[in-house]
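Thanks for coming. Please have the sequence and the 3D view open while I talk.

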Amino acid sequence: MTDSTPNNDWLDSIKWDADGLVPAIAQDVHTQRVLMVAWMNREALQLTVQEGRGIYWSRSRNRLWRKGEESGNVQQLHELRLDCDADVIILQVEQIGGIACHTGRESCFYRVLEDGEWQTVDAVITDPATLYQNPKE
């Protein structure tokens, strides 16, 4: 996926919050499963389109975060969508390695509410200790 417009007017259509961020939902392009939710600033979104991979703004690290920079589980961008209010982005991605969550699971949404309690329903695919050199992701 490439930024085919000579300018970046498309970025001006987005309703950025007071901190210059927009929530970004990563969804598996094949299964449509929601993998994770993160934040993007203008630079992260522009680089995501230019590089064709998920790049986010880490609020805890206060810097750009290329998904998979430590784990190798890169998100290859297939499509980018903007919601009707222009304040949420959906990235249709191929999750290289099959793991999006820092816990070593396919998705960050691995708990289901059952009888008033959160139940873990997805197994760990890979021990996170083996995924990260610095497990802060």
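Start at Q75, whose bridge partner is Q95 in strand 6. Before I go further: this is a predicted model. Strand 5, residues 75-82, and strand 6, residues 89-95, pair in the antiparallel sense, and seven bridges hold that pairing. The two strands make a hairpin, with six residues between them.

In that turn sits A86, with a positive phi of about 60°. Most residues other than glycine have a negative phi. Is A86 buried or exposed? A86 counts as buried, because its relative accessibility is 12% and the cut-off for buried is under 20%.

There is another residue of this kind. D115 has a positive phi of about 55° and is not a glycine. You will find D115 in the loop between strand 7 and strand 8. D115 has a relative accessible area of 81%, so it is exposed.

In what order do its strands come? The order is 2-1-6-5, four strands in an open sheet with mixed pairing. Strand 2 and strand 5 each have a single partner strand, so they stand at the edges and one side of each has no neighbour in the sheet. From one strand to the next, the twist averages 25°. Strand 1, residues 22-28, runs antiparallel to strand 2, and six bridges join them. Look for Q27, which stands opposite V34 in strand 2.

Next, helix 2, which covers residues 42-51. Just after the helix comes G52, with a positive phi of about 70°. Which residues of helix 2 are buried? They are A44, L45, L47, T48 and V49. An α-helix has 3.6 residues a turn, so residues three or four places apart point the same way. The cover over the buried residues of helix 2 includes helix 1 and strand 2, along with strands 3, 4, 5 and 6.

On to charged residues. Side chains of opposite charge can pair when their charged atoms come close. How many salt bridges does a search of the whole structure find? It finds seven.

One of them joins E106 and R33, with the closest N and O atoms 2.8 Å apart. This pair links distant parts of the chain, since R33 is in the loop between strand 1 and strand 2, while E106 is in the loop between strand 6 and strand 7, 73 residues apart. E106 is partly exposed, because its relative accessibility is 28%. R33, at 24%, also counts as partly exposed.

A further salt bridge is formed by R61 and E69, where the closest N and O atoms are 3.4 Å apart. R61 has a relative accessible area of 21%, so it is classed as partly exposed. E69, with 35%, is partly exposed too. R81 and E79 also meet in a salt bridge, at 2.6 Å from N to O. E79 is partly exposed, at 32% relative accessibility. As for shared partners, salt bridges join R33, E106 and D122 into one network.

That brings me to R105, which is in the loop between strand 6 and strand 7. R105 is buried, yet it has no salt bridge. How far away is the nearest side chain of opposite charge? That side chain belongs to D122, and it is 6.3 Å away. What the side chain of R105 does reach is the backbone oxygen of D122, at 2.8 Å. Setting aside neighbours within four places in sequence, the contacts of R105 include I99, Y110, T120 and V124.

Last, C101, which lies in the loop between strand 6 and strand 7. C101 counts as buried, because its relative accessibility is 2%. Apart from neighbours within four places in sequence, C101 is in contact with E106, S107, C108, Y110 and Y132. For a sense of distance, the C-alpha atoms of C101 and Q50 are separated by 24 Å, and the two residues are 51 apart along the chain.

That is the end of my part.

Key
Residues are numbered from 1 along each chain as its sequence is written. This is a predicted model: local features need pLDDT of at least 70, side-chain atom pairs count only at pLDDT 80 or more; totals for chains, interfaces and linings use all residues. Side-chain values use heavy atoms; hydrogens and water are left out. Buried means under 20% relative accessible area, exposed over 50%, partly exposed in between (1.4 Å probe, protein chains only). Lys and Arg count as positive and Asp and Glu as negative; His and the chain ends are not counted. A salt bridge is a side-chain nitrogen of Lys or Arg within 4 Å of a carboxyl oxygen of Asp or Glu. A polar contact is a pair of N or O atoms within 3.5 Å; within protein, one must be able to donate a hydrogen and the other to accept it, and residues adjacent in sequence count only if both atoms are side-chain atoms. Contact means heavy atoms within 4.5 Å. Two strands pair if DSSP finds at least two bridges between them. Axes are lines fitted to C-alpha atoms, for helices over the stretch in contact, and angles run from 0 to 180 degrees between N-to-C directions.
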